[in-house]
Amino acid sequence: MNDDDALQSLVDLLDLEQIDRDIFRGRSQSALLPRVFGGQVAGQAMVAAGRTVPQERAVHSLHAYFLRTGDPGSPIVYQVDRIRDGRSFSTRRVVAIQHGRPIFHFSASFQDPEEGLEHQADMPDAPDPETLPTQEEFFERHGHLLPHPELPRRVLGFRAAWDLRYATDPPFVAAATGGPRPARQQVWFRTAGKLPDDPLLHVCATTYLSDMTLLDSVLLPHGLGGWATGDVVGASLDHAMWFHRPFRADEWLLYHQDSPSTSGGRGLARGSIYTRDGRLVVSVVQEGVVRIPRS
């Protein structure tokens with residue numbers, strides 16, 4: 001599949017079928033694990049919620065819980081509850097259902113444009129994305145560190161709609177080349193081509209991507225290779241995002257990630273997403289199950 005086809009597949013994935021006033025249906029794409037990718041469900045839930053509010057009201061926050069493993073072979077039904085429509089804000093609740101059971105619970109708040117006070121955290125230093133290897137170059141160089149020779153091809157296929165570049169080594173490289181590292185990592189990302197001029201689509205695509213590398217920062221202090229190497233098992237538990245300023249997902253975005261704590265079989269990760277010119281546009285927090293497999 002070429003980049004154009006992969007990007008169109010992502011756009012199609014986020015284009016839900018409306019089957020009633022507040023009921024939508026989405027399909028799934030192949031993932032690296034035999035379950036629905038969490039970012040896909042979050043992105044589709046955002047589509048469902050966003051289609052029930054006035055177009056001028058932009059999302060400013062979402063909070064979600066992953067309840068059950070999704071079945072990639074079955075459609076997902078999204079039921080939207082219009083909690084409130086006020087003068088400035090709208091609140092929506094979405095439940096994703098498969099096989100008659102909820103698998104995902106999501107709340108989002110939307111706001112009319114408004115002027116107000118402005119400040120932000122400074123963008124951290126990071127190399128320019130064009131100086132970094134592409135995904136293909138990266139896995140050609142480091143793919144031998146993964147336990148199965150087909151894994152690089154599968155990872156590249158799953159991420160084909162994205163141009164994602166590591167500014168720091170991911171866990172499977174860090175574990176093999178130096179052991180424990182500080183709980184910080186950076187990736188640059190953008191879609192592998194232009195998206196339509198629909199602000200909601202750019203938000204939903206970034207919501208999808210936000211689940212892709214974030215929990216890796218939890219593993220770095222422990223010298224573990226991660227999900228791809230099999231020395232850790234885990235899954236996302238909850239996910240929160242705050243959208244501060246407008247942005248485009250088809251232009252370079254820096255995803256700066258860190259983990260302040262891991263305990264009790266859970267790891268907490270934080271992310272800050274900046275535009276190339278240094279604007280902080282999204283903040284992300286996620287907690288996930290992080291367990292060492294029993295022998």
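A salt bridge is a side-chain nitrogen of Lys or Arg within 4 Å of a carboxyl oxygen of Asp or Glu. The exercises below apply this to a predicted model, in which a search of the whole structure finds 18 salt bridges.

**Exercise 1.** Find what ties the loop holding Asp15 to the loop holding Arg51.

*Solution.*
1. The Asp15 and Arg51 side chains form a salt bridge, 2.8 Å from N to O.
2. Asp15 sits in the loop between α1 (3–13) and β1 (17–20), while Arg51 sits in the loop between α2 (38–50) and β3 (58–66), so the pair ties together parts that are 36 residues apart in sequence.
3. Arg51 has a relative accessibility of 37%, and therefore counts as partly exposed.

**Exercise 2.** Identify the salt-bridge partners of Asp250 among Lys194 and Arg248, and place each residue as buried, partly exposed or exposed.

*Solution.*
1. Arg248 meets Asp250 in a salt bridge at 2.9 Å, N to O.
2. Lys194 also meets Asp250 in a salt bridge, here at 3.8 Å, N to O.
3. Lys194 is in the loop between β8 (184–191) and α6 (199–210), and Asp250 is in the loop between β9 (233–243) and β10 (253–263), so this pair ties together parts that are 56 residues apart in sequence.
4. Buried means under 20% relative accessible area and exposed over 50%. Asp250, at 6%, is therefore buried; Lys194, at 58%, is exposed; Arg248, at 22%, is partly exposed.

**Exercise 3.** Which residues are linked with Asp250 in a network of salt bridges?

*Solution.* The network links Asp250 with Lys194, Asp197 and Arg248.

Notes:
Residues are numbered from 1 along each chain as its sequence is written. This is a predicted model: local features need pLDDT of at least 70, side-chain atom pairs count only at pLDDT 80 or more; totals for chains, interfaces and linings use all residues. Side-chain values use heavy atoms; hydrogens and water are left out. Helices (H or I, at least four residues) and strands (E, at least two) are DSSP runs, numbered from the N terminus. Buried means under 20% relative accessible area, exposed over 50%, partly exposed in between (1.4 Å probe, protein chains only).
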